[in-house]
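These are my notebook entries on one structure. I went through it element by element and wrote down what I looked up.

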Amino acid sequence: MSYIVTTQTRASSVSAIAGILLILMLIALPFFAGRGTIQDMFFILTMLTLAQFWNLLAGYGGLVSIGQQAFVGAGAYALFALVILGGFDPVLAVALAGFAALAIAVPTAFFAFRLNGAYFAIGTWVIAEVVRLIASQWKSLGGGTGTSLPRDATRDMWFVEMIEETLGVRSAAARDILAYWIALVLALVTIGGIYWLLRTRRGLALAAVRDNIEAAKSVGVDAGRMKWMVFLTSAFGTGVAGALIYLQKARISPDAAFSVTDWTAYVIFIVVIGGIGTMEGPIIGVLVFFALQSLLADFGSWYLMTLGVLAISIMLVAPRGLWGLVSERTSLQLFPIQRRLRGGRLTTSEDQ
Amino acid sequence: MSILALKDVSKKFGALTVTNGVTFDVPKGQALGIIGPNGAGKSTLFNLITGNLSADAGRIHFQDRDVTRVSAKDRCLSGVGRSFQIPQPFEKLTVYENLLVAATHGCNLSEAAVQADCADVLEQTELIRRANTPAGQLSLLERKRLELARAMATQPNLLLLDEIAGGLTEGECQALIGTIKDIHARGVTIIWIEHVLHALTSVVERLLVLDFGKIIGIGDPDEIMASKKVREIYLGIDI
């Protein structure tokens, strides 16, 4: 009897079309949206990128890192070093910054992979603190107080003049638009890349390692290689995102660039409330996070407490996150990765 | 010709010697049963053969190749398949995906190349109707079947079964024996650890008894079960 395998669902075909329309709209956004919206969208897209990489690491790779700020900071510092000390164009420097994060990730993995579970988490945090302390000793980049990007470097950035002329905006707005478009490309490449990975046999192996590492080894999965692959990929992407965030901020300090709250705690919040181990989770999570931040940012520490209470409530009520609630009830998948066997002795009614 | 040969294999956990100078070989195509009291070191012996644990001393040869220092992953690729005593499914993957991982990685093939084989194994192990169910939702019998199916998907030459009949009803057990006999009839060498003796003896041609990490008897199942030493140690019968 012959069987076929499908991953597509009707909802996924609809969501693919909606996705393409959304992407076209996002590309065109600077032509009709104000500067405030562009900055908000930049924030959403960069946080989404960080969240997708953390989700790849923890949700699919089973590597719960709380040291992602090491890679954000490494990428950001690499950007400043390349621009200020190396005279590189900031746009090129953003792309290269990922390699700085990789350079930190290799020794980090070497040590941290000797640890498991909670020990791994703490280990990555400790290493991130060490990287922060080293960065604060970098005198030519302002040491502990940090430094700013030179004004002429950001003003003369690639594409800025072109955007100024095409859209008829001032230099500062053009820089925001450029950063937004780069963030959009980064988020799309991240989501597309992770989705592609999960649909390959490597993606299956990754899920197997997450679910049961000893059993995975026993069926021929190279568990060590899978861990290295996701760790290094996440570090690279997180580094690029970090550089981009600080290109837009144009000012860096070790405490900000290596902040565990901003670059790891918020990111974990986004993934956990959205739904860990799903592609859709971080997207929902970042929207909820942005909404809460916009609503509650003026309330100071009450804001953080609200985030905490919400995170704990969701973990208790819906451990699989908001997307988990949706997909449980509707079995909706916007990014279908499950291979479903059809045909042969599987008729539709028995196929569950 | 033997497919597997162990020579003076030992393993210690701290001061406890779990495998103590074990030497035996398994001819190609044979079904060997392993029995012994709890804590005799049966599962450890399996872990040493599959490479999930590494031996402290001795050599292990598989298909005339010294695999003593070869990783679990590479032993699987060379043809060692196993089931776990406590089923270890990939819970969030579906039954079919569980097999897909095993077939693509255990045989180093593409998904398209193994699709039909995986469906075949699901039919043989009577899991086909559960193909698209997440493995975490399976019953005990189905989990045991999945252990067997996943090991089969790696196309093993040597199949290690660890208490696969434990906890099943008599009817379930008979059905599983039928499946295992079919697999054996196709020429797969089997080593089977089992407490359910009648299930074991209905399949195996040779029996090995382990106690305190040592082999205390190996040979024809009837003779082994009749021997005084085995009855004393294994069955606790004072004769």
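I count two strands as paired if DSSP finds at least two bridges between them. Helices (H or I, at least four residues) and strands (E, at least two) are DSSP runs, numbered from the N terminus. The model is predicted: local features need pLDDT of at least 70, side-chain atom pairs count only at pLDDT 80 or more, and totals for chains, interfaces and linings use all residues. Residues are numbered from 1 along each chain as its sequence is written, and chains are lettered from A and ligands numbered from 1 in the order in which they are written.

**Entry: hairpin in chain B**

I began with strand 1 (residues 2-13) and strand 2 (residues 16-27) of chain B, which run antiparallel and are joined by eight bridges. F13(B) has L16(B) in strand 2 of chain B as its bridge partner. Two residues lie between the strands of this hairpin, and G14(B) takes a positive phi near 65° there.

**Entry: open sheet in chain B**

Next I traced a six-stranded open sheet in chain B. Its order is 6-7-8-3-9-10, and the pairing is mixed. Which strands stand at the edges? Strand 6 (80-82) and strand 10 (214-219) of chain B do; each has a single partner strand, so one side of each lacks a neighbour in the sheet. Neighbouring strands of this sheet are turned by 20° against each other on average, direction ignored. I note that axes are lines fitted to C-alpha atoms, for helices over the stretch in contact, with angles from 0 to 180 degrees between N-to-C directions.

Within the sheet I checked one pair. Strand 3 (residues 31-35) and strand 9 (residues 206-211) of chain B pair in the parallel sense over four bridges. I34(B) is bridged to L208(B) in strand 9 of chain B.

**Entry: domains of chain B**

The domain bounds come from an automatic or database domain assignment. For chain B it gives domain 1 (1-79 + 156-239) and domain 2 (90-155). Their centres, taken over C-alpha atoms, are separated by 24 Å. I took residues as in contact if their C-beta atoms, placed from the backbone, lie within 7 Å. By that rule 12 residues of domain 1 of chain B touch 13 residues of domain 2 of chain B. On the domain 1 side, helix 2 (72-78) and helix 6 (170-185) of chain B each supply at least two residues. Helix 6 of chain B gives the largest share of that side, five residues.

**Entry: nonpolar core**

A nonpolar core here is a set of buried Ala, Val, Leu, Ile, Met, Phe, Trp, Tyr and Cys residues joined through C-beta atoms within 7 Å. Buried means 20 or more other C-beta atoms within 10 Å of a residue's own, exposed means 12 or fewer, and partly exposed is in between; C-beta atoms are placed from the backbone. The largest core has 170 residues, and L79(A), A243(A) and L244(A) touch the most other members. Helix 2 (residues 35-60) of chain A gives the largest share of this core, 14 residues. Domain 1 and domain 2 of chain B both give residues to this core, so it lies between them.

I then listed partners of L244(A), leaving aside its neighbours within four places in sequence. Among its contacts are T46(A), V94(A) and A179(A).

**Entry: helix packing in chain A**

The axes of helix 2 and helix 13 (residues 260-274) of chain A come within 9 Å and cross at roughly 75°. That makes the two helices roughly perpendicular. The cut-offs: under 35 degrees is roughly parallel, over 145 roughly antiparallel, 65 to 115 roughly perpendicular and the rest oblique. Residues of helix 2 of chain A in this contact include M47(A) and W54(A), and those of helix 13 of chain A include W263(A) and V267(A).

Helix 13 of chain A also meets helix 16 (residues 321-330) of chain A; their axes come within 3 Å and cross at roughly 15°. These two are therefore roughly parallel. V272(A), I273(A) and G274(A) of helix 13 of chain A make this contact with G321(A), L322(A) and W323(A) of helix 16 of chain A.

**Entry: positive phi**

F159(A) is not a glycine, yet its phi is positive, near 70°. F159(A) is in the loop between helix 6 (151-155) and helix 7 (160-167) of chain A. Is F159(A) buried or partly exposed? It has 16 C-beta neighbours inside 10 Å, so F159(A) counts as partly exposed.

Terms used:
Two residues are in contact if their C-beta atoms, placed from the backbone, lie within 7 Å.
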